[in-house]
Amino acid sequence: MALLPRETAPACILYVSFLILVPGLVPNLSSGCDHRDIASAVFQRLLKGSVGWLLAVALCSSKNAEKNQRKAASYVPFENKTVKGEKKDVINEPMLPSYNPAAVESSWYDWWEKKRFFKPEGKDGIVHENPKGKFIMVIPPPNVTGSLHLGHALTIAIQDTLARWNRMLGKTVLWNPGCDHAGIATQVVVEKKLWKEQKLTRHQLGRENFVQKIWEWKQIFGERIYNQIRGLGASVDWDRACFTMDEKMRNAVTAAFIAFYEKGLIKRANRMVNWSPALLSAISDLEVDYLELPGRTLLPLASHGGRSYEFGVMVQFAYKVEDSEEEIIVATTRPETLLGDVCVAVHPDDARWKHLHGKFVVHPFLNKRLPILTDECVEISLGTGALKITPGHDKKDFDFGVRHQLPIINIFNDDGTMNGTCSRFEGLKRYDARIAVIEALKEAGLYRGAQSHAMAIPICSRSKDVVEDMVRPQWFLNCGDMAKRALAAVESGSLKIIPSSHNITWKRWLENSRDWCVSRQLWWGHRIPAYKIIVDGQEPILDNDDCWVVCESEQEALTRASQRLNINVNRITVEQDPDVLDTWFSSGLFPLSVFGWPEKTDDFMRFFPGTFLETGHDILFFWVARMVMMSLSLTNQLPFSTVYLHALVRDAHGRKMSKSLGNVIDPVDVIRGISLSELHKTLENGNLDEKEIAKAQAGQTMDFPNGIPECGTDALRYTLVSYTIGGKDVNLDINRIVAHRHFCNKIWNANKLYYFYCSGYQPASETPSPSEEFSCMDRWILSRLYKACEVIDVSFNSFLFTQMTDALYKFWKEELCDVYLESSKPVLQGPDGPQKINAMETLYTCIETGLRQEMTIVIMIEIILMMSKRLLHPIMPFITEELWQRLPKRSSLAHESICIADYPKNVLYRNVVLEEQQVLAFEVAHCIRALRSSYLEPKARPKVTVIVKNTKINEALHLFHNMVECLCELSELVITYKPEVDRRGHVIGHVADMAEVLLLIKGLVDSKKEITKLEKKKASIIATTERLERRLNSPVVAKIPESILVQERARVFF
């Protein structure tokens, strides 16, 4: 309702209210009933009664329904007749009546690709030295787990905007695409699919067959992802596309692992890891989500058959002191872990327990004694001041155990069931064991109660199971020295992170760097190039470095093992580690491996190190820091010099994108449009269970009740880039993308106007400089164009994307379309002459320049069109190419495509004084238009007298007289210093202290109606004033704060 004109809103409210009360009476409102007709019908109702009103509204709805049916019947879907890879023939095709994304975006990408515009090589296929520099960037390789979402679209929109801008600046540009095998994520997705379709597990299928299934998945979805990237207009070099399991990537991963091992940085060790019992694998910190619980909470667990278990409870129980009646009460949120306790810890200065130092407590279920140890890490004021220590299943306790050289007891099997160390609890699932342990404590008289306790539960983001801290033999990479070098790179300025606020996060993570567990117990990924040594068929007792050989092949492993042990090779067999490397290990090598490292390939020598990286701030440590650390260690060079971090994309409600919420949107669905039923089908074809599908479909119905309208790639990209500000998360509203589709239509119509009025015009060979022959409007719009160029250049160099899109929108819509074109129509519609030629040249330059970024009338139109197209191009590549190809070209701009045209950068003309004068004149125009909208019908052509009060406003109004007269649709505009003007029959407005505006309404309005309206307004003001006075004079006024009283008194006086 807020979008409707003010004068019709009350009528529309009445109408909608009636529809709510009498549903189905007027069924065709949604088919486009015009609000003016509705308002008219409501007024008739007020005058003639409800029957007349209902008939009028029904008639209105019926007519509009027929109109929409005719429109739908005449709609012909776009058919692309251009041969794939050929250039679209836009010269011989008429412009469509309005912007059509599907038609505009068709064919251009295939032509760009065929013409090799996105490659760093010249037309001769050689990469030449370029004095303008180079721009080298790798794409953050998306996971081959399905399809891209709007978060990926944001990444691509920003990166492609930067790549196209640098290419138009004349730099050698290489943007290298790729796709990530995503070990855990892809394995989980394919496992779910296998179970859903065939009711088979991967173990039933076998490793080799299962991996083949994943390769089949990759062929389908890898190609789908690449097509989505193409659809988003990404100007990447497809000939260099890499998949992280390609042979050259495998070679890089193997070489890196061996190099780190030989440097002594990779070791085999038993350490604490995040263990997923559902996946039977260690997982990274990034794959652990934390579920915050306010206290006692029941959670259903799929790993336990969907049964619910209690979390968020602090259980207290007693350990009996050996040979004593004393006891020590300890508390835990995980009572099942007491089966792995090795001691009780107290603070050495805690007087309550000093007499027990060096003594023992008795384990209630296991036949063993636990020592009472002292450590300053214990907080005296926390609970009883005593802690149970379980080094095998708690990170802090593990560190405690290392300090005190305590045994590490593992109580869980890999699948989360209790193992043989747990006595009578063996075989129970871990949360069934929790219940059993509590019952056993109660039976033993050791249970001391439980209370609600706020806590965070670690959840595996892949399996949704609860993660366990477990000690497992794994491969660990020592990151200490690498982290120091990465930290020093930022501190010295060698590596620049934007926004700089992320430097704090960088420092915090790298100063507290821990060894990285790089092994995963998966089947999909890079097999670890390590071989276990088996002598005479006997497995080694200990699993440490001494049992392993790290090398490239099995034969090399046999030779090395024989030499190390000094025994005959015939007594030795070797088995390659079945585990694979963490996906982040191969991803961390991406800036090196895409160019052929460790080989010194031509690409590696030309393009490494890169210059720029753009990605989301959420993987600053997991990916960016690891790339920097690994590159410094392996090549002694930074992989890039600048990192730009964008924010996360959330839905319009600020929620994180989640398939189960139904708010994960495929960018193709925004580009092409999709109905609600088709949105629902996308969920049904996925891996969600029935309950999750129902929940997600309900979310889709709430957010997209009518589906998603067709918006096009350019509108989507423009919206995403416009959201990018200061690293703040993006709450993406589809309605904003729709609004920018209308912006595309505005650009389209501006070009249509040019073609209509300037058909056959051939622009000058060089962009002309404006002279006094050009009108003030021509010189003003040229000045504003170059101001936009200046702002956009600064924005690009400072990565101020919102400032850039604001400047483009303001120039195109508010200045070029809404002011200049509207003001220029009388000249364009007039006879030929110098003024018309100048205007056309100006408009041409503005539009051409604006398309590249994003200027007497023929000349001005030409200047504007050409430059503004180039301004827009990096953000909106498709519509700018389509419109730029339709424009006649200057000989100085004879480029084959706008994507390789020069970007407008030099400020050729500015007239700040003229701009200031236009602002003053436009303020007067704004005042006049406000008065018009309040008192006159749209078709009225009133006379306006402006009484000026200083020379500045007088000069401004005389210069821009035609603009004000045209924009305000006046019959006459009189400018005078004389205040003795007859004000009868006028309504009056004021422009600060500069001018008084007199709008003549005599003979143009119904005076009786206006008097009635003013009387109602007067009565309303009197009633409000009386109400406020009563309130201020009431006895309760003494209780009202003085600040509120001041406001209320001000309202009375106002």
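Helix α7 (residues 183-198) packs against helix α9 (residues 207-231) in this predicted model, at an angle of about 100° and with the axes 10 Å apart. Axes are lines fitted to C-alpha atoms, for helices over the stretch in contact, and angles run from 0 to 180 degrees between N-to-C directions. Helices (H or I, at least four residues) and strands (E, at least two) are DSSP runs, numbered from the N terminus. The angle makes α7 roughly perpendicular to α9 (65 to 115 degrees; under 35 counts as roughly parallel, over 145 as roughly antiparallel, the rest as oblique). From α7, Thr 186, Gln 187, Val 189, Val 190, Glu 191, Lys 193, Leu 194 and Gln 198 meet Phe 210, Lys 213, Ile 214 and Trp 217 of α9. Contact means heavy atoms within 4.5 Å. By class, six nonpolar, three polar and three charged residues make the contact of α7 with α9. Ala, Val, Leu, Ile, Met, Phe, Trp, Tyr, Cys and Pro count as nonpolar, Asp, Glu, Lys and Arg as charged, and the others, Gly among them, as polar.

Residues are numbered from 1 along each chain as its sequence is written. Local features need pLDDT of at least 70, side-chain atom pairs count only at pLDDT 80 or more, and totals for chains, interfaces and linings use all residues, while side-chain values use heavy atoms, leaving out hydrogens and water.

Helices α13 (residues 480-492) and α19 (residues 620-635) pack at about 105°, with axes 9 Å apart. Thus α13 is roughly perpendicular to α19. Met 482, Ala 483, Arg 485 and Ala 486 of α13 touch Val 628, Met 629, Met 630, Leu 632 and Ser 633 of α19. Seven nonpolar, one polar and one charged residues form this contact.

Four strands form an open antiparallel sheet, in the order β6-β5-β18-β20. Two strands pair if DSSP finds at least two bridges between them. β6 (281-283) and β20 (516-517) are at the edges, each with a single partner strand, so one side of each has no neighbour in the sheet. Strands β5 (residues 266-276) and β18 (residues 468-477) pair over ten bridges. Lys 267 stands opposite Phe 476 in β18. Helix α11 (residues 395-403) lies across β5 and β18, at about 145° to β5.

Gln 918 belongs to helix α30 (residues 912-935). Its relative accessibility is 7%, so Gln 918 counts as buried (under 20% relative accessible area; exposed is over 50%, partly exposed in between; 1.4 Å probe, protein chains only). Gln 918 touches Trp 780, Val 819, Phe 960 and Met 963, not counting residues up to four places away in sequence.
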